[in-house]
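Please look through the structure shown here with its helix contacts and its aromatic residues in mind. A short report follows the display.

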Amino acid sequence: MNFFKNMLSKDGKVSSKRFVTFICLLFMLIGYIANLFWDFTVDANLFASLQWIVMAGLGFTASEQFS
């Protein structure tokens, strides 16, 4: 549990960007696994939107380290 708190926080405060990015990544993984093993189809537009949110969230989070 401490791992998730450290992963989602910066200086002891939970970052909303990191939280949203983590949730979108979790939804992407659930959809991908459901598509692989249970033949559940995820709409391509929904999957692409989640991809963009995760990529942007990771980019913004990484750019904070350089400023």
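The report turns to a pair of helices, then to a residue at their contact, and then to an aromatic pair.

In this predicted model, helix H2, which spans residues 16-37, and helix H3, which spans residues 44-64, have axes that come within 9 Å and cross at roughly 145 degrees. The crossing in which H2 passes H3 is left-handed. On the H2 side the contact is made by Lys-17, Arg-18, Val-20, Thr-21, Cys-24, Leu-25, Phe-27 and Met-28, while H3 contributes, among others, Phe-47, Leu-50, Ile-53, Val-54, Gly-57 and Glu-64. By class, the residues of this contact between H2 and H3 divide into eleven nonpolar, four polar and three charged.

Val-20, whose place is in helix H2, is one of the residues that make this contact. Val-20 counts as partly exposed because its relative accessible area of 41% falls between the limits of 20% for buried and 50% for exposed.

A search of the whole structure for aromatic pairs finds one, formed by Phe-37 and Trp-38 with edge-to-face geometry, and both of these residues are exposed.

The separations given for residue pairs are set out below.

| Pair | Separation |
|---|---|
| Phe-37 and Trp-38 | 6.2 Å, centre to centre |

For the aromatic pair of Phe-37 and Trp-38, the angle between the planes is 70 degrees.

Key
Residues numbered from 1 in each chain as written. Predicted model: local features only at pLDDT ≥ 70, side-chain atom pairs only at ≥ 80, totals over all residues. Heavy atoms only, no water. Axes fitted to C-alpha atoms, helices over the stretch in contact; angles between N-to-C directions. Helix = DSSP H or I, 4+ residues; strand = E, 2+ residues; numbered from the N terminus. Left-handed = near helix turned anticlockwise from the far one by under 90°. Contact = heavy atoms within 4.5 Å. Nonpolar A, V, L, I, M, F, W, Y, C, P; charged D, E, K, R; others polar. Phe/Tyr/Trp six-rings, centres within 6.5 Å; stacked < 30°, edge-to-face > 60°. Buried < 20%, exposed > 50% of the residue type's maximum accessible area, 1.4 Å probe, protein only.
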